[in-house]
Amino acid sequence: LVPSAAVRLDGDLLGYALARGGAMSLTARRIAIGAVPPQDGDGQTLALTPTFFQRGGFHSYNLTSNAGDAAIADGTALRLSAVNLVLDSSASGQATGADMLGFASTTLLPEHLRRASSFSLNVSGGAYESNASNLANVGVVRIGASSQLETESRGQIALSAPTSVLI
């Protein structure tokens, strides 16, 4: 592990598709999800707001902390539903390799037509082992008070950690 590595997402990640949607896997030293990103002076926490999970067309999120903990802040509401592309009438005349966003629109399909979303929040075993001298702050997944993790029927939510999952 590189102790000074910083994670910064500054752009758009897109996983739109006609049927399935994209799958996103991100690994960072620490992960914090909440309405207001935490102030992290060392730049080693991947801070995500709930709106991050409502754009881009992804149906699957796999987030892993590899050197600390992973937390969802108190009162945070995550509602996962993948948005799909729907082709417009000009789609059949488009050249191979054309940008689909030029002839398709994004829409939330009815639940029975879209792929169910999945969300996984993990702390790897390496986080626990590499920080054994500071056990109170590593290897834990924390779900804050009054937080909500919601997906449609058939969706999946998984939480895993080498020490504790605190809900």
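Here are some questions and answers on aromatic pairs and salt bridges in this predicted model.

Local features need pLDDT of at least 70 and side-chain atom pairs count only at pLDDT 80 or more, while totals for chains, interfaces and linings use all residues. Residues are numbered from 1 along each chain as its sequence is written, and side-chain values use heavy atoms, with hydrogens and water left out.

User: How many aromatic pairs are there?
Analyst: Happy to start there! Rings of Phe, Tyr and Trp (its six-membered ring) pair if their centres lie within 6.5 Å; planes under 30 degrees apart count as stacked, over 60 as edge-to-face and the rest as tilted. By this rule, the number of aromatic pairs is five.

User: Is the pair of Phe52 and Tyr61 stacked or tilted?
Analyst: Let's look at the rings of Phe52 and Tyr61, whose centres are 6.4 Å apart. Their planes stand at 55 degrees, so the pair is tilted.

User: What kind of aromatic pair do Phe53 and Tyr61 form?
Analyst: Phe53 and Tyr61 are both buried, where buried means under 20% relative accessible area, exposed over 50% and partly exposed in between (1.4 Å probe, protein chains only). Their rings lie 4.9 Å centre to centre with 70 degrees between the planes, and that pair is edge-to-face.

User: Which residues do the ring pairs link into a cluster?
Analyst: Tyr61, with a relative accessible area of 2%, is buried, and Phe52 is buried at 10%. Both belong to the cluster that ring pairs build, and its members are Phe52, Phe53, Phe58, Tyr61 and Phe119.

User: How many residues apart in sequence are the parts tied together by Asp69 and Arg142?
Analyst: The side chains of these two residues, Asp69 and Arg142, meet in a salt bridge at 2.4 Å, N to O; the term covers a side-chain nitrogen of Lys or Arg within 4 Å of a carboxyl oxygen of Asp or Glu. Strands here are DSSP runs (E, at least two residues), numbered from the N terminus. Asp69 lies in the loop between strand 4 (58-65) and strand 5 (70-72), and Arg142 in strand 10 (residues 140-143), so the pair ties together parts whose separation in residues is 73.

Notes:
Helix = DSSP H or I, 4+ residues; strand = E, 2+ residues; numbered from the N terminus.
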